[in-house]
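Hi,

Here is the structure I said I would pass on. Have a look at it first, and my notes on its pockets follow below.

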Amino acid sequence: KGLGGRGSSFGYLSGLLKAKKRDLAQPIVSDHFALLMAAQKYEEAKRDGGEAAVRRICEQFSLNARALQNIVEVRDKMKNELKQQKLLSDDLISFANRNSGDPAIVLAVVAAGVYPNLAVKRASKKKD
């Protein structure tokens, strides 16, 4: 059988990885949300249990620790740049993150970023 067909080990592994991603992103079905949750779980594991906990979480969800570390570093670098430019403060960060625990709101923000200008109010035409 071809790749991904019934009985192939590739198809079986692909199904396992999809299930792990679904588990990671629960209750939302979204690649973006799964990535967000992966980064959060990575940070929690590193903070609470060190490298051994990071290895466990990466094995549990089939994640790449180096890639997650890079994501966290890029995020932190962007935050520092915004702070240096006086575009971001600690007060503003806590205000902006006030709904970060609500998956529905996080998904709405992701959707707004993925589909900018989805709805645009056009100026009304003047009738003569």
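Among the lining residues are L17, K20, D31, F61 and L68. The space inside comes to about 190 Å³.

Before the other one, some background. This is a predicted model, where local features need pLDDT of at least 70, side-chain atom pairs count only at pLDDT 80 or more, and totals for chains, interfaces and linings use all residues. Residues are numbered from 1 along each chain as its sequence is written, and side-chain values use heavy atoms, with hydrogens and water left out. A pocket is an open set of points on a 1 Å grid over the protein atoms alone where a 1.4 Å probe fits, with protein on both sides within 12 Å along at least five of seven lines; lining residues have an atom within 4 Å of a point. Volume is the space filled by probe spheres set on the points, which are joined across faces, edges and corners. Helices are DSSP runs (H or I, at least four residues), numbered from the N terminus.

Now the largest pocket: about 1,000 Å³ of space, with 23 lining residues, and L36, Q40, R75, N97 and S100 nearest its centre. α2 (31-61), α3 (65-84), α4 (90-96) and α5 (103-114) each give two or more residues to the lining, with α2 giving the largest share, seven.

Cheers
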